Amino acid sequence: MKEKTKILRELEEIIKNSKHSSVKSSYTANLFSKGKEKIANKFGEESFETVSAFLSQGKKEIIAESADVLYHLLVLLEFSNLSIDDVCEELKSRMKKKNNDKY
């Protein structure tokens, strides 16, 4: 399981290293150059496409759109100077609370 989640940290590192690359050669750099609103819009767009795939398409499409959501979430977090570890800590905290009705 840990090996599979390691890919998120690897992708996070790629995003971190790519954000200052040439906007002509890097989609990630292009997103960062367009700023917060563009990143938010792309995350929202990919989230909507994931929901659409869930409602009307197959597993392959849901997986592909979910990968897009995760990538754009990591971009959003990096832009905000946050990491997937920060999100994991929040999830861990929620899971430890007694009588937790969130999960």
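Helix 3 and helix 4 are roughly antiparallel to each other (an angle over 145 degrees; under 35 counts as roughly parallel, 65 to 115 as roughly perpendicular and the rest as oblique). This is a predicted model, in which local features need pLDDT of at least 70, side-chain atom pairs count only at pLDDT 80 or more, and totals for chains, interfaces and linings use all residues. Residues are numbered from 1 along each chain as its sequence is written, and side-chain values use heavy atoms, with hydrogens and water left out.

**The chain as a whole**

- The protein chain has 5 helices and 0 strands. Both are DSSP runs, numbered from the N terminus: helices are H or I with at least four residues, strands are E with at least two.
- Along the sequence, the pattern reads α-α-α-α-α.
- The C-alpha atoms fill a box of roughly 50 × 35 × 30 Å, taken along the principal axes.
- Of the 103 residues in the protein chain, 24% are buried. Buried means under 20% relative accessible area, exposed means over 50%, and partly exposed lies in between (1.4 Å probe, protein chains only).
- The accessible surface of the protein chain is about 7,700 Å², and 57% of that belongs to carbon and sulfur atoms. Areas come from the Shrake-Rupley method with a 1.4 Å probe; for residues, only the protein chains shown count as cover.
- Take the contacts between residues at least 6 apart in sequence: 49% of them join residues at least 24 apart. Contact means heavy atoms within 4.5 Å.

**Helix 3 against helix 4**

- The two axes come within 8 Å and cross at roughly 160 degrees. Axes are lines fitted to C-alpha atoms, for helices over the stretch in contact, and angles run from 0 to 180 degrees between N-to-C directions.
- The crossing of helix 3 and helix 4 is left-handed. That term applies if the near helix is turned anticlockwise from the far one by less than a right angle; clockwise makes it right-handed.
- Helix 3 brings residues including Ile 39, Phe 43, Glu 46 and Phe 54 to this contact, and helix 4 brings residues including Glu 65, Val 69, His 72 and Leu 76.
- The residues of this contact divide into 10 nonpolar, 4 polar and 7 charged. Ala, Val, Leu, Ile, Met, Phe, Trp, Tyr, Cys and Pro count as nonpolar, Asp, Glu, Lys and Arg as charged, and the others, Gly among them, as polar.

- Glu 46 sits in helix 3 (residues 36-56). Its relative accessibility is 5%, so Glu 46 counts as buried.
- Beyond neighbours within four places in sequence, Glu 46 touches Glu 65, Asp 68, Val 69 and His 72.
- Leu 76 belongs to helix 4. Its relative accessibility is 26%, so Leu 76 counts as partly exposed.
- Leaving aside neighbours within four places in sequence, Leu 76 is in contact with Ile 39 and Phe 43.

**Helix 2 and its partners**

- Helix 2 (residues 27-34) packs on helix 4 (residues 59-79) at about 50 degrees, with axes 11 Å apart. Helix 2 is therefore oblique to helix 4.
- The crossing of helix 2 and helix 4 is right-handed.
- Tyr 27, Thr 28, Leu 31 and Phe 32 of helix 2 meet Tyr 71, His 72, Val 75, Glu 78 and Phe 79 of helix 4.
- Against helix 3, helix 2 packs at about 120 degrees, with axes 5 Å apart. That makes helix 2 oblique to helix 3.
- The contact of helix 2 with helix 3 has 4 nonpolar, no polar and 4 charged residues.
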